[in-house]
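Let's take a friendly walk through this model, looking at its aromatic residues and then at its strands. Have the structure open as you read.

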Amino acid sequence: MSRFAMSRLTGDRRPDAFLALASLCLALPGLVATMGSAAAQSPPAVNLGPAGNLGSCSVFLRPNTTTIVYDTYGGGLKSKYRLLDEPNSYLGRTEITVPKKDSPLFLVLVSYSATEWDMNIQPGAQIAEILVLGYHHQIVSHVPPNTEVGFSIYVGGAGRGCPNGVYWTDQDLPSKLRPMLNGRFSRRIDEYYSSSSQACVKAGCLGFSKAVKEPGGSFWSRLFGSKAAAAPEPANSVRASASLQICDGNCGKRN
């Protein structure tokens, strides 16, 4: 029996458009719940640093450029990023202070483990170039606009014009960096900071920020929060030697 005949027999004179709308309303809650569940299960993933985009070291450095080296084995703080190809691998974060100088800065960041270099740039500081050396993939966050970042990574290769061969070493790193920086960039090391140095370990130093534990606050501040959530960092201010994703609440926990 046709739908039109059934309508006449039952006395149901509602138009087909009304029946379609009613069906949609009944199905909508389930559709919303399904979409919400899918969104909750899928972490916000973005390719912030396409694999193979290792930047360039072919940048002119003025004669008065100050060269500062930051050296660490790996980041001891939590990073909100994970490597897209290794989502279960731990990725730490290292905070460094980039000081204001009378001249532009050539920053050399060296780490063995996969590390996010979280830069705290002092007002007025000028960065001419950033060179990142590492065995595993590296990330640099809070990069100022129009700042070139070149990577030389053992597991991922080197950017255009970036040196090969000096990635990381636990034995007298400066002695290996000096000839490379002089030969490739005509630079000498003006300042050298190591996260394992006694000055940094005891009280922090200019290069590496001291991790300060946030106070618990009052009951109400813990209950409702004392400040609004920080705005997400623009993708163009994050440079990486591999593709990244933003991880969830388990971020930074070793697996």
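## Aromatic rings and their surroundings

In this predicted model, Trp168 has a relative accessibility of 22%, so it counts as partly exposed. The structure as a whole holds 10 aromatic pairs. In one of them, the ring centres of Tyr112 and Trp168 lie 4.9 Å apart with planes at 55°, so this pair is tilted. Tyr112 sits in the loop between E5 and E6, while Trp168 belongs to the loop between strand E10 (157-158) and helix H3 (173-185), so the pair ties together parts 56 residues apart in sequence.

Another pair joins Tyr154 and Tyr167: with centres 5.6 Å apart and planes at 80°, it is edge-to-face. Ring pairs also link Tyr73, Tyr112, Tyr135, Tyr154, Tyr167 and Trp168 into a cluster.

Here is how accessible some of these residues are:

| Residue | Relative accessibility | Class |
|---|---|---|
| Tyr112 | 23% | partly exposed |
| Tyr154 | 48% | partly exposed |
| Tyr167 | 18% | buried |

Where does Val110 lie? Val110 is part of strand E5 (residues 105-111), and at 0% relative accessibility it counts as buried. Beyond its neighbours within four places in sequence, Val110 contacts several residues, including Tyr167, Trp168 and Leu173. The C-alpha atoms of Val110 and Tyr167 are 7.3 Å apart, although 57 residues separate them along the chain.

Now to the sheet. Five strands make an open, mixed sheet in the order E2-E4-E6-E8-E12. Strands E2 (77-78) and E12 (239-240) stand at the edges with a single partner strand each, so one side of each has no neighbour in the sheet. Within it, E6 (residues 115-121) and E8 (residues 138-141) run parallel, joined by four bridges, and Thr115 stands opposite Gln138 in E8.

Methods
Residues numbered from 1 in each chain as written. Predicted model: local features only at pLDDT ≥ 70, side-chain atom pairs only at ≥ 80, totals over all residues. Heavy atoms only, no water. Helix = DSSP H or I, 4+ residues; strand = E, 2+ residues; numbered from the N terminus. Buried < 20%, exposed > 50% of the residue type's maximum accessible area, 1.4 Å probe, protein only. Contact = heavy atoms within 4.5 Å. Pairing = 2+ DSSP bridges. Phe/Tyr/Trp six-rings, centres within 6.5 Å; stacked < 30°, edge-to-face > 60°.
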